[in-house]
Amino acid sequence: MKWIDFEKPNTVEDAVKLLSDSGGNARAMAGGTDLIVMLRVGHPRVNPDVVVDIKSIPELNELSYDANKGLTVGAAVECYKIYGDDNVNSHFSALNDSATLIGGTQIQGRASFGGNLCNAAPSGDSIPNMIAHRAVATITGPSGTREVPVEDICTGPGQTSIESDELLISINFPSNGAGFGANYIRFIPRNEMDIAVAGVGASVTIEDGKFTSARVSLASVAPTPLLVEEAGEALVGQPVSEGAIQKAADLAKAAAKPISDMRGTADYRKHLCDVLTRRALTTAVERAQGAS
Amino acid sequence: MTTADYERNMVLATDTDYKVIGTRPVRHDGADKVTGRAIYGADFDAAGLLHGKILRSPHAHAKIVSIDTSKAEKLDGVKAVVTSKDFPEVGNQWLKDNILASDKALYVGQAIVGVAASNPHVAESALGLIDVEYEVLTPVLTTQEAMATNASILHDSLTTEELGKDTGVVSNVASHTQHVKGDISKGFAEADVVVEREYNTKTVHQGYIEPHNATALWSPDGRLHVWCSTQGSFVVRDSLAELLDMPVSMVRVTPTEIGGGFGGKIPIYLEPVAALLSRKTGAPVKIVMSRKETFEASGPTPGSQIKIKIGAKHDGTITAAYAWMAMEAGAYPGSPVGAAVQCVFSTYDVENSTIDGFDVVVNKPKTAAYRAPGAPNAAFGAEQAINELAEKLGMDPIELRLKNVATEGTRRPDGPVFGRIGAKEVLEAMRDHPHYQSAKAEGTGRGISIGFWFNIGFDSACNIAVNKDGSVNLTEGSTDIGGSRTSIAMHAAEVLGIPVEDVRPSVVDTDTIGFTAVTGGSRTTFATGWAAYEAAQDVKKQCIDRAAIIWDVDANNLQMEDGVISSQSDSELKMTFKELAEQLSDTGGGISGSASVNPSGVGGSFAGNIADVSVDPDTGKTTVERFTCVQDVGKAIHPSYVEGQMQGGSVQGIGWALNEEYFMNDEGTMTNSSLLDYRMPTSLDLPMIDTVIVEVANPGHPFGVRGVGEANIVPPTPALANAIYDATGKRMTSLPMSPGAIQSADAE
Amino acid sequence: MPGKTYVQTTINGEHVDFLCEPRQSLLECLRDEIGLTGTKEGCNDGNCGACTVNIDGRIVTSCLVLGVEAEGANIETIEGVADGSNLHPLQLAFLENAALQCGICTPGFIISSKALLEQNPNPTEHEIRFWLANNLCRCTGYDKIVRAVQDAAKRLQEA
């Protein structure tokens, strides 16, 4: 590995200053489970000279719930803290679908949703789930703080709309009313320790047997995690039925633009979008109907 | 996946009454290995140690036009740079080129330049300062491409050897071998039912968790000392001596603990580079491969193309069998097709058979051994064909196999006549097993298969010295990869009648023990165990002689049983081994026994599987629900370690069957060279692996040992293919049977 | 010339300080700077688990931790598992159940399994397999490892 400088600021201000002073050669690190690997192989795009460890900054470690504000997950909060959190388990249990399958036990001790989002891999297992939950990212830079829907963060493989002098602070998940259910599933050839061949995050709200809102988001079938708005819209107003779910699955499959690589062919990935959307929506519906 | 609640291990035992053999003691190196104290190759350290890194070819096929290392040599901290020019001019050029390429790079990852520096990061930075100019050529990546008439040629000097004769024709086919028994055209004419198909397999890796490593110190006195994780310290010594043009006695190799090998740690890769760098610097130089290098630049087992045709009469009698097998050697000749032809039909007594084997060079790393090399590829085809035949004949697949099974006296298609073997007993144990007798669970498919591996003997040496406390020090030269120190020590303990805990086994360096061949070919417990048996007999005889001196009686009247020396004629005369050990100094000095053997009584081993799978109809993903491995091991010296071999081989076979492959792009780069994307099974991908140890004693070994390490990897790929067919109606003829492949396949 | 960083940690209950470059992983620091070579490198990208250590009560792959991040951390490695000359029940269970062959993955498996049993004293087979999925073993097929963890759980509960 080439030489790097290491900084560990304690405040958002100090971190943003380090990032902006570096002229684009610094990068924030939370768990480092992607960044350290990229540094080690001399990644063509992500190869900073300065690593800014953001785990000492209080705001980035926040994990809190407020019925009005919803759930706030700091950008450095490790996966194991998410699935070990009472509020998550009570109000946002579908987030555990992602938190428990990013890496294995060891990786979950380090990896964060924030890092997963900033790494912006098309296969990032938390991103479609965040999108399905209508999550919003809070980002601070030299010119202030802005809030951006998660679906607008990833712009390409490994690329985001977060500027090099900006810092992702947290991800906010709005509170869900009664009748909400969500699910993230992915397909992998093994049962753990694998990259999604395809993944689907889905959320639904059901009132009186009808979908009142729905979202479907896909992983690993486009240059970025994909929000398939038409799939969700097709469900709204429809009574819950296998037919309605299949229609949404067809739309998700049609929206997928996968490539063929060592993890799967384009045709197989499109096929999986159908299968997984059906399964994710079915589970989301079960959860919505099971939740009181 | 739940713990099996049925009897998981039925030992069909030989009836000899042993005291130590067949027990399950804790291994002698156990405490070191569970406390982190065992020193593996990469753990080795020495004063003034330098770290080496290797620049590797980014091209699968390219001429090396020029190499400029001048900038790298000037980098602060860089101590030496070596290229192929640093080798002596004599010696095998292909062997040297696979260590450091000279005129051509023949696979992505082939070593070009070695650098030694004060720390590994500096050495790595130096690699980036080396300029190599290549003239890129078209890569050849499969046997089909390589055998095509207009194929790009890897070696201008390689001419095809056709049935033992050099044709003089330059091609990528290094050799064509053929075994003919009887007359297959007659045999197929007699057949009522014929099955014929083509099968294809991909390159796969042994997947040992420890990457390759080597440390070398070229001493000013001219002697070279190497420490490395190797399956065969003497192979390393002899290869280094050849490459570096020095007598073998000038090279000393100390085998460290080794983190898996499965055949892949027999060849040398880093050792000569570390040696050359050490000669230039005078310092010890350590090189450790990364995981990516381990995939790209060691020796995987080949992809292959296999055609099988088998014919049988209505009653199930196989009348003819034909196999055509082409295997990728990688960049230099030497694929395991030579072993595959010895295994493909050897389970069966077939009157008419022809087997064609082709050794084909391609632009991939030079293949190395991998657990029964070649046999799993062959069995993937042959054992599916046998099941297809059973289906067409309306016979149970085990009954069809039993009807044709090879037994003592059967002539193998490749010539040798079997001695006492246990193929029939393995099939019977499979048939009678509660797994096979049970009904399949709803939605699952069941498949079976059997596989053969011939095993090898070769040289082994052992020394045993008696300590005055009645224990013995046992030294041997076989790398211990799975508990062989203990299985070898158990041979000595049984002969001497002492507890195995009183035997202290050490694996020592090439200066300290007689020539010992590799830990491979399922030979270690068989051959080095035999050496220990003979060395212990030597000790035993000397003990009797000493007792004769002490008692002043004729040694011919004395015996030593269960660690007690006694007289056949005078019941008063009794002495334990321990009591004698205290008196050695007064009776002529200590006792040392030694033996070197090259046993010829190798007994081949058969392993069979019963596999239940479920296949997700939407995704094509296979789940192994239940798996049973049956193997004839001759005699299980340490049943736990035997079970471990059976389970480990089975699971490597399961990985090979379902997901493992070198995924190559068109340029010949492996795009999945990490343990994330090269999908070896995790703990969550498997059920418990049930084992049945069958013991049909090998008359060619004093305790009946056959060798257990390899046959178990042969049956899983066809057993799972047969199970997937049973579950889905899809006949999978290519490996891996990955979810996407199954999903897109058509049912028969 | 950039300098090294001074890092103070507690390793296996002892205060340990060391100098390292920021680019060095904790794995490199443990092995090359501190001499604790029981923690192994199998892949250097977090996928094999051979380098697993416990930091402040959580298991992590030490190849994906920078040495400088260990400042103030409480680290447990394989060298700290036995109580003096008394092997930990997991170590005994691995030996007596023949749960290792080559042994290179064993330190990682023992560190991972120990953390599992500390938080879940009586895990099911599935829970064991799930927890250990980040630890690859190529020799055993995992059967005897699962049995060893089950056996160790029993020993610990009986103790």
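## Two domains in chain A

In this predicted model, 24 Å separate the centres of domain 1 and domain 2 of chain A, taken over C-alpha atoms. Domain 1 covers residues 1–175 of chain A, and domain 2 of chain A covers 180–290.

Let's look at how these two domains of chain A meet. On one side are 22 residues of domain 1, in contact with 25 residues of domain 2. Three elements of chain A each give two or more residues to the domain 1 side: helix H5 (95–99), helix H8 (127–132) and strand E8 (154–156). The largest share of that side is from H8(A), with 5 residues. Sorted by class, the residues on the domain 1 side that touches domain 2 of chain A are 10 nonpolar, 8 polar and 4 charged.

## The sheet of chain A

Chain A also has an open sheet to explore. Its 5 strands follow the order E4-E5-E10-E6-E7, with antiparallel pairing. At the edges stand strand E4 (63–66) and strand E7 (144–149) of chain A; each has a single partner strand, so one side of each is left without a neighbour in the sheet. From one strand to the next, the twist averages 20°.

Strand E6 (residues 136–141) of chain A is joined to E7(A) by 6 bridges, and the two strands run antiparallel.

## A helix across the strands

Which strands of chain A does helix H1 lie across? Helix H1 (residues 12–21) of chain A lies across E6 and strand E10 (167–173) of chain A. Relative to E10(A), helix H1 of chain A runs at about 130°.

## Where chain B meets chain C

Now for a contact between chains. Here 46 residues of chain B are in contact with 46 residues of chain C. On the chain B side, the elements that give two or more residues are helix H1 (30–35) and helix H18 (639–658) of chain B.

Which element gives the most to the side of chain B that touches chain C? That is H18(B), with 7 residues. As for the classes, the chain B side that touches chain C holds 20 nonpolar, 20 polar and 6 charged residues.

Terms used: Residues are numbered from 1 along each chain as its sequence is written. Chains are lettered from A and ligands numbered from 1 in the order in which they are written. This is a predicted model: local features need pLDDT of at least 70, side-chain atom pairs count only at pLDDT 80 or more; totals for chains, interfaces and linings use all residues. Two strands pair if DSSP finds at least two bridges between them. Helices (H or I, at least four residues) and strands (E, at least two) are DSSP runs, numbered from the N terminus. Axes are lines fitted to C-alpha atoms, for helices over the stretch in contact, and angles run from 0 to 180 degrees between N-to-C directions. Two residues are in contact if their C-beta atoms, placed from the backbone, lie within 7 Å. Domain bounds come from an automatic or database domain assignment. Ala, Val, Leu, Ile, Met, Phe, Trp, Tyr, Cys and Pro count as nonpolar, Asp, Glu, Lys and Arg as charged, and the others, Gly among them, as polar.
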